[in-house]
Amino acid sequence: MKPLSNVVKSAPPSGIRRFFDIVSQMHDVISFGVGEPDFVTPWRIREACIYSLEQGYTNYTSNYGLLELRQAISRFLESRWGIEYNPENQVLITVGVSEALDLAMRTLINPGDEVLIPMPCYVSYAPCVTFAGGIPVAIPTTAENGFRVSAAQIEAAVTSKTKALLISYPTNPTGATISRAELQAVIDVARRHDLYVVSDEIYDRLTYEGTHTCAATLEGAYERTILLNGFSKAYAMTGWRIGYAAAPVEIIECMMKVHQYTMLCAPIMSQMAALEALNNGEADCEEMVEEYNRRRKLIVSGLNAIGLECNMPGGAFYAFPSIRSTGLTSDEFTEKLLFEEKVAVVPGNAFGECGEGHVRCSYATGVDQIREGIDRMARFVERIRSNNGRTAALRE
Ligand code: PLP
């Protein structure tokens, strides 16, 4: 047989999936692993979908998506951020932010173009750039700087090949948020070097401290920014696979071209559900955010209490503690914790090399689960430390 695509074959498998295949075979596991809401999609949204099916909405939609949904998104962005996107040609409904990200990369990248990505970051970013023929360039961030990228770091990473910057605040896996002034400084660099900015704001509703800044609203950003967002996290709609991109007309036209040949349109039933989420789902969203906030405080104080140093994340639903004090690597920590105490976390290096020394703990899980998980982790960490102590004593 002739060889399969080198580009695809050389992409590493997702470091998250590897563990989840193991976890799915085990019983009594406390999972801090999955990055998805533990809530079921609010009933009113499910009901709207059921009703649309009863009415016979089972067809393709416009390639751009239902005009009514695009209008609702446009109104939503205008009322939330004071930013205007024409629903006719500046909003594209996609199969999750995942598809929107892929379309953005395929639209922006010529072979060999570099895309700057602050890391640790969502596992799909680098592969999407590579699949589109580009070169992902990692910009490492650390706990010391709150996992925020600085304008100076971006400036230092720009080369003649740099085409775009891919950012996401609040961030998966660190929960980092960024201030308006810091983000403006980042945009200023993009403007100076004529870079596109792809801003994945899927966690914007899950901001607990300060206010989220929509990147496209900053000075000099609108014409160069592709804003990505969706319904998976804010409305607990991961399985519906529905998201959107908003950007200048020329960019959306190109993204639409790829979308129409590859996806045709997002499923109409999910579009109907998303419309209900935007029109009437605000209270449900706020309720879930309040609950995540409660869990955030619980898990972060628990992790710090057992000696796993952890920044208070400003957004998303992830804590990203350091596990360096245990002397284990992220992989060792994750594997031992899973097999010895049945707690699933994700090794930090799954999100880029600079994530080593950390693990990601998702708190999109119940309060009782969080308490039990932290108790098990406390036992585990205590055991590791006393083993380390014994080994050190024997050496002396
Ligand atoms: N972007 C980020 C930062 C994510 O964390 C995720 C999912 O975890 C996605 C995009 C994928 O979103 P969607 O379900 O809309 O495809």
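**Close-up views of a predicted model**

View 1. Thr-141 counts as buried, at 2% relative accessibility (buried means under 20% relative accessible area, exposed over 50%, partly exposed in between; 1.4 Å probe, protein chains only). The model is predicted: local features need pLDDT of at least 70, side-chain atom pairs count only at pLDDT 80 or more, and totals for chains, interfaces and linings use all residues. Residues are numbered from 1 along each chain as its sequence is written, and side-chain values use heavy atoms, with hydrogens and water left out.

**View 2. The interface of domain 1 and domain 2.** Domain 1 comprises 6–41 + 283–382 and domain 2 comprises 59–281, with bounds from an automatic or database domain assignment. Their C-alpha centres are 25 Å apart. In this view, 37 residues of domain 1 contact 34 residues of domain 2. One salt bridge is found across the interface (a side-chain nitrogen of Lys or Arg within 4 Å of a carboxyl oxygen of Asp or Glu).

**View 3. The salt bridge of Arg-296 and Glu-209.** The closest N and O atoms of Arg-296 and Glu-209 lie 2.8 Å apart.

**View 4. Phe-131 in helix 6.** Helix 6 spans residues 125–131 and contains Phe-131. Phe-131 is partly exposed, with a relative accessible area of 44%.

How values were computed
Helices (H or I, at least four residues) and strands (E, at least two) are DSSP runs, numbered from the N terminus. Contact means heavy atoms within 4.5 Å.
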